[in-house]
Amino acid sequence: MKNTRQMAMDALLVALCAVLGYISLDMGFIKVTFESLPILLGGLLFGPMDGFIIGTLGTLIYQVLRYGVTATTVLWMLPYMICGGIVGIYAKSHNFRLRRKQIMFLVIANELLITALNTGVIFIDSKIYGYYSVAYVFGSLALRLVVCVIKAVAFGVVLPGIVKAVRHSLGLWKGTEEVS
């Protein structure tokens, strides 16, 4: 069973995910959001279930607040749910002992996956709601990938320090090594 500190941390990360999603930078065809940062952190700290839950609840709150409930709400949540689970599975399979390079690779791979899955969701959403065009769905993909990689590298640089600090403050070092 989870301890109180871990549940409180999950709740904090859910709230942070919702806020970071809500205050995204919307620039027409490009939307820059930082909602994946707390999802990645939750997976790295606590494993797949926590990463999945943070991705699910954080993006659900953000989606409902920003867009309401639609036929595609769950589809927009899926990339982040999957990301939280994958990061958590990887971290747990390595006993949460990840080096900086592993975290960087994991973050970049998951941000690319989120971008690919979001492109699929844009395609499905545009077909359902009748706004599909190749230019709209795929025209900005190259620029979205560039933004994705820049964001992923930034996350990959800051996450090891954040993970180390949070693990230390929560007393999660028992039996694990610090991020190096």
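Me: Is asparagine 95 buried, partly exposed or exposed?
Reply: Happy to start there! This is a predicted model, where local features need pLDDT of at least 70 and side-chain atom pairs count only at pLDDT 80 or more, while totals for chains, interfaces and linings use all residues. Residues are numbered from 1 along each chain as its sequence is written, and side-chain values use heavy atoms, leaving out hydrogens and water. Because its relative accessibility is 46%, asparagine 95 counts as partly exposed (buried is under 20% relative accessible area, exposed over 50%, partly exposed in between, with a 1.4 Å probe and protein chains only).

Me: Where does asparagine 95 lie, and what is its phi?
Reply: Asparagine 95 sits in the loop between helix 4 (73–93) and helix 5 (100–129); helices are DSSP runs of H or I with at least four residues, strands runs of E with at least two, numbered from the N terminus. Although asparagine 95 is not a glycine, its phi is positive, at about 55°.

Me: Is phenylalanine 96 buried or exposed?
Reply: Phenylalanine 96 is also placed in the loop between helix 4 and helix 5, and its phi is positive, near 60°, in a residue other than glycine. Its relative accessible area is 17%, so phenylalanine 96 is buried.

Me: Which helix gives the most to the nonpolar patch?
Reply: The patch on the surface includes Phe29, Phe123 and Tyr136. Helix 5 and helix 6 (134–138) each supply at least two of its residues. With four residues, the one giving the most is helix 5.

Notes. Patch = residues over 30% accessible without salt bridge, like charges linked within 9 Å, V, L, I, M, F, W, Y side chains within 5 Å. Areas by Shrake-Rupley, 256 points an atom, 1.4 Å probe, with all protein chains shown as cover. Salt bridge = Lys/Arg side-chain N within 4 Å of Asp/Glu carboxyl O.
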